[in-house]
Every structure is written in structure tokens, then in C-alpha cells.
Amino acid sequence: MDVSWATQESEAVAEKVLRYRRDESGWKKCREGNGVSVSWRPSEEFPGNLYRGEGILCGTPAEVWDCIKPVAGGLREKWDDNVTSFEIVQSITDMLCVSRTSTPSAAMKLISPRDFVDLVLVKKYEDGTISSNATHVEHPSCPPKPGFVRGFNHPCGCFCEPLPGEPNKTNLVTFFQTDLSGYLPQSVVDSFFPRSMAEFYPNLQKAVRKFHH
């Protein structure tokens with residue numbers, strides 16, 4: 001993969017995801033509870049929705065990040081039921097890679113196993129925030145795989161943000177806009193994302209406690 005293209009493309013994605021983070025307009029709440037709030041608005045990228053999750057976790061941004069960072073053999077596959085495997089297809093720099101994530105069947109088997117090939121950029125901001133920023137790409141070593149429907153992540157990511165005055169807590173803001181493809185009823189998609197995003201937070205909290213305390 002062309003390094004200069006990948007660098008430019010990933011920076012453009014990171015700018016988009018940062019814009020989602022800063023733009024408070026047009027979000028409609030669709031799920032709230034246990035300190036986690038999930039909202040959505042129509043995507044500008046595809047005929048679906050952009051979802052935003054927000055919640056406060058016990059653990060420093062570095063500890064939370066350690067449980068979700070995009071690395072081979074990382075903690076994510078150990079605790080996240082929505083990830084069967086995560087592999088680095090190409091490491092471009094220490095902050096930029098192409099990854100392949102596979103996910104199990106979901107929604108009582110209505111959603112069959114999926115895989116996603118993404119360009120992922122990690123960014124660290126001056127205030128201590130760590131973010132991941134991703135979008136779908138094609139990669140020669142990742143042709144479609146038997147048994148998986150290829151899904152497409154449009155610009156998405158997360159922000160592990162420090163909380164002023166609370167050094168051992170993290171505000172985690174997540175963005176998903178995923179085309180699961182493969183002829184799914186819209187109602188299945190619309191109920192799956194808010195639910196799985198809401199479940200992600202308590203599962204991640206358990207992982208942070210398990211691996212860091």
C-alpha cells in the first residue's frame with residue numbers, strides 16, 4: 001500500500017472523526033443507562049447511521065487504551081465478544097496500520113460472521129487524549145474470505161479522554177458507522193448497533209479492572 005496515500009487518507013479520516021467529536025448538533029439519543037449514552041444521526045458517508053457512544057470508565061486513559069488499542073495479540077480479542085480475531089495486515093508506521101477484524105454471528109444468528117479491513121491511525125493529542133481513527137480499505141493480502149461477509153467501516157473511531165480532576169477516570173467517546181452489507185433488514189441493523197455499543201462499555205470496564213488492577 002502506498003505510504004503517502006495511506007498517510008494522507010488516514011489524516012483526513014482523523015479530521016472527520018474529530019469533527020464528529022466536536023459537533024454537538026443533530027444527535028438523537030436512542031439508548032441510555034448505566035452511565036452510557038448512545039445517540040445517532042444520519043451518516044454523510046452511506047445510507048445508514050453514524051452512532052456515538054459516551055461513558056466514563058474507571059481507569060486512566062492509558063489503561064483504557066491498552067484494552068482497545070489496535071495491536072496484534074492485544075487484549076481486545078480476549079475480552080470483546082464482538083471480536084473473534086484481530087490481525088495487523090500491514091504495519092505502515094508505529095501509529096498507522098492496516099488491520100483485519102473478524103466478528104462472530106450476532107442478533108440470534110440473523111447477522112452472519114463479518115470481516116472488516118481497515119486503515120487505522122492512532123493519534124495522541126496535547127491534552128492527553130488518545131484516539132483511534134479508521135476507515136475501510138482494500139488490501140491485496142485480504143481478499144474476501146469464505147465464511148465471512150465483508151463489511152465496511154466508514155470513518156469511525158474512539159477517544160480516550162482524561163477527565164479534569166479525576167486522574168483515574170476516562171471519558172470514552174466512540175463513533176461507529178458501519179455498512180454490514182449482505183441484505184440485512186434495516187430494523188436488525190438499527191437495533192444491533194445501539195445495543196452492542198451499550199454493552200461494549202461495561203465489558204471494557206471489566207477488562208480494565210481485570211488487566212490493570
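The following dialogue explains how to read several features of this predicted model.

Q: Which conventions apply to the numbering and to the values of this model?

A: Residues are numbered from 1 along each chain as its sequence is written, and side-chain values use heavy atoms, with hydrogens and water left out. The model is predicted, and local features need pLDDT of at least 70, side-chain atom pairs count only at pLDDT 80 or more, and totals for chains, interfaces and linings use all residues.

Q: How many helices and strands does the chain have?

A: Helices (H or I, at least four residues) and strands (E, at least two) are DSSP runs, numbered from the N terminus. The chain has four helices and twelve strands.

Q: Why does the radius of gyration of the chain agree with that of a compact globule?

A: The radius of gyration is taken over C-alpha atoms, and the globule rule is 2.2 Å times the number of residues to the power 0.38. For 213 residues the rule gives a value near 17 Å, and the chain has 16 Å, which agrees. Along the principal axes, the C-alpha atoms fill a box of roughly 50 × 40 × 35 Å.

Q: What percentage of the residues of the chain count as buried, and what area does the chain expose?

A: Buried means under 20% relative accessible area, exposed over 50%, and partly exposed in between (1.4 Å probe, protein chains only). Of the 213 residues, 49% count as buried. Accessible areas come from the Shrake-Rupley method with a 1.4 Å probe, and for residues only the protein chains shown count as cover. The chain exposes about 10700 Å², of which carbon and sulfur atoms supply 54%.

Q: Which residues of α2 are buried?

A: Helix α2 spans residues 61-68 and is mostly covered, with six of its eight residues buried. These are Pro61, Glu63, Val64, Trp65, Cys67 and Ile68.

Q: How far apart are the mean positions of the positive and negative charges?

A: Lys and Arg count as positive and Asp and Glu as negative, while His and the chain ends are not counted. The place of a charge is taken as NZ of Lys, CZ of Arg, CG of Asp or CD of Glu. The mean positions of the 24 positive and 27 negative charges of the chain are 5 Å apart.

Q: What percentage of contacts between residues at least 6 apart in sequence join residues at least 24 apart?

A: Contact means heavy atoms within 4.5 Å. Among contacts between residues at least 6 apart in sequence, 58% join residues at least 24 apart.

Q: Which residues does Phe176 touch?

A: Phe176 lies in strand β11 (residues 166-176) and counts as partly exposed, at 26% relative accessibility. Not counting residues up to four places away in sequence, Phe176 touches Asn49, Leu50, Tyr51, Cys156 and Met197. Phe176 and Asn49 are 127 residues apart in sequence, with 8.4 Å between their C-alpha atoms.

Q: Is Thr101 buried or exposed?

A: Thr101, in strand β5, is buried because its relative accessible area is 14%. The C-alpha atoms of Thr101 and Ser85 are 5.8 Å apart, and the two residues are 16 apart in sequence.

Q: Where is Glu54, and which residues does it touch?

A: Glu54 lies in strand β3 (residues 49-58) and is partly exposed at 23% relative accessibility. Its contacts, not counting residues up to four places away in sequence, are Arg21, Gly35, Val36, Ser37, Asn171, Leu172, Val173 and Tyr201.

Q: What is the phi of Lys109, and what is the phi of Ser181?

A: Phi of Lys109 is near 70°, a positive value in a residue other than glycine. Lys109 sits in the loop between β5 (96-103) and β6 (114-124) and is exposed, with a relative accessible area of 68%. Ser181, also not a glycine, has a positive phi of about 45°. Ser181 is in the loop between β12 (178-179) and α4, and is partly exposed at 21%.
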